[in-house]
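Subject: Structure handover

Hi,

Here is the structure I promised to pass on. Please open it alongside this note.

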Amino acid sequence: MSFWRLFTAATKTHHSPPTIPAFNYSTSFLITKTPKSQRKKHRKNKDSPRTKHVQHESDRVPHFENILVRDNHFRFFLKTKDFLSKQPEQVLQLDLAGKLYRELGFPRGRKVLKYIQKYPLVFETYRYDNDKIWFGFTDIMERYLEEEKMIMEKMENDRIEVVRKLLMMSKDKRIPLSKIYHCRTLFGIGEDFRDRVREYPEYFNTVVESDGKRVLELVNWDQKLAVSALEKEFMVDEERVKRAFQFKVKHGKLLELEGEDEKKMNLLNTLPLVSPYSDGASLDLWSLEAEKYRVGVIHEFLSLTLEKRASIHHIVEFKEELSLTKHTYAMLLKQPRSFYLAGTEMNWVVFLKDAYGEDGVLMNKDPLVLFNEKLCAFADNQKLELE
């Protein structure tokens, strides 16, 4: 008797149904996932600090915003160049490179070979006897690296002066070497700086703390260096410096101040400025003098950088040493005459506006900046242009 006839007969006689044998039925016809057409679309939150622009669309300055676009375009090239330069024989196995998305600056889950192939004049791939693919620099790129090394050696004294000024601005006249190394490209400092400082005992002293951290200390205070870029400019154009910052005076509406009178009152509150080389850590944290000091510190910090700009990550790196607060972002937004903040609220970059012309071009370019511009233009080519 078939299974179904047996089951029907048992039901009619009200007997306990027999045990149903186990069959391996296919469930492939069952819908176990919601079809894409019916899934809820997750829209990006425009108000999220990760995506919300610092500046309103009507207030954005295109040439500053475009610099960030350019940085993103060359992110893989510059980070890979830096990483590869530190490897033995300056080569890297492709399988390993695919796991180093943070170090090489490409999105996680993407094929690193695709990004390498975008720069045929910079990187080349080849196989070893073990059939593994490796990549390294082309011959012409190695010549560019030699040129860069020569520029770095030529500018070493200037970089030493920058580090001395950083130490003079710092709270305790000491900064962990790891922090300076992490931000070395911001100031044009060489890869071997941590070892080079030993050659300047008259300026620096290296201390190894109990946790193994190496800290760079200032040996001698040099009053000639304790003059900020803004103070130098004051001697040339006093009126422009007076307009650099604005610390508004809070007053009631009963005063009925006209525009010009209000400007004069604000100017009284703005001057005198507080030198970034003074003891800012001793000031009352929320006093006007302390805010003037912090604004001046950021201004001087940016003036020491190669491109007169820095990201939030660079600034946070020196937060403790420069006596900054978590309100630095809001503080800089209140000073639009001197600073322009680009990017998003979570990943912003601050520009020193006076260092750039109306066309958005850096006015006084360091030799290393000129070299980097030339290098990026070369890297962007797909074929070697014969002169």
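This is a predicted model: local features need pLDDT of at least 70, side-chain atom pairs count only at pLDDT 80 or more; totals for chains, interfaces and linings use all residues.

Residues are numbered from 1 along each chain as its sequence is written, and side-chain values use heavy atoms, with hydrogens and water left out.

**Whole chain**

The protein chain has 18 helices and 9 strands. Both are DSSP runs, numbered from the N terminus: helices are H or I with at least four residues, strands are E with at least two. Of the 387 residues, 38% are buried. Buried means under 20% relative accessible area (1.4 Å probe, protein chains only), exposed means over 50%, and partly exposed lies in between. The chain exposes about 25100 Å², and carbon and sulfur atoms supply 52% of that. Accessible areas come from the Shrake-Rupley method with a 1.4 Å probe; for residues, only the protein chains shown count as cover. Take the contacts with a separation of 6 or more: 63% of them join residues 24 or more positions apart. Contact means heavy atoms within 4.5 Å.

Two strands pair if DSSP finds at least two bridges between them. β2 and β3 are joined by 5 bridges. Phe 123 has Phe 137 in β3 as its bridge partner.

**Phe 123 and Thr 138**

Leaving out residues up to four places away in sequence, Phe 123 touches several residues, including Phe 76, Phe 77, Leu 84, Ile 116 and Thr 138. Thr 138 sits in the loop between β3 (133–137) and α7 (139–154). Why does Thr 138 count as buried? Because its relative accessibility is 8%. Beyond neighbours within four places in sequence, Thr 138 contacts Pro 120, Leu 121, Val 122, Phe 123 and Glu 124.

**The core**

The largest nonpolar core has 94 residues; Phe 77, Phe 123, Phe 187, Phe 301 and Phe 339 touch the most other members. This core draws at least three residues from each of domain 1 (62–137) and domain 2 (142–373). A nonpolar core is a set of buried Ala, Val, Leu, Ile, Met, Phe, Trp, Tyr and Cys residues joined through side-chain atoms within 4.5 Å. Domain bounds come from an automatic or database domain assignment.

β5 (residues 204–208) and β6 (residues 214–218) pair antiparallel over 5 bridges. Their hairpin has 5 residues between the strands, and Gly 212 takes a positive phi near 90 degrees.

Strand β9 (residues 348–352) is mostly covered, with 5 of its 5 residues buried. Trp 348, Val 350 and Leu 352 point one way; Val 349 and Phe 351 point the other way. A hairpin of 4 residues joins β8 to β9, and these strands pair antiparallel over 5 bridges. Strand β7 (residues 309–311) is joined to β9 by 3 bridges, also antiparallel.

Best wishes
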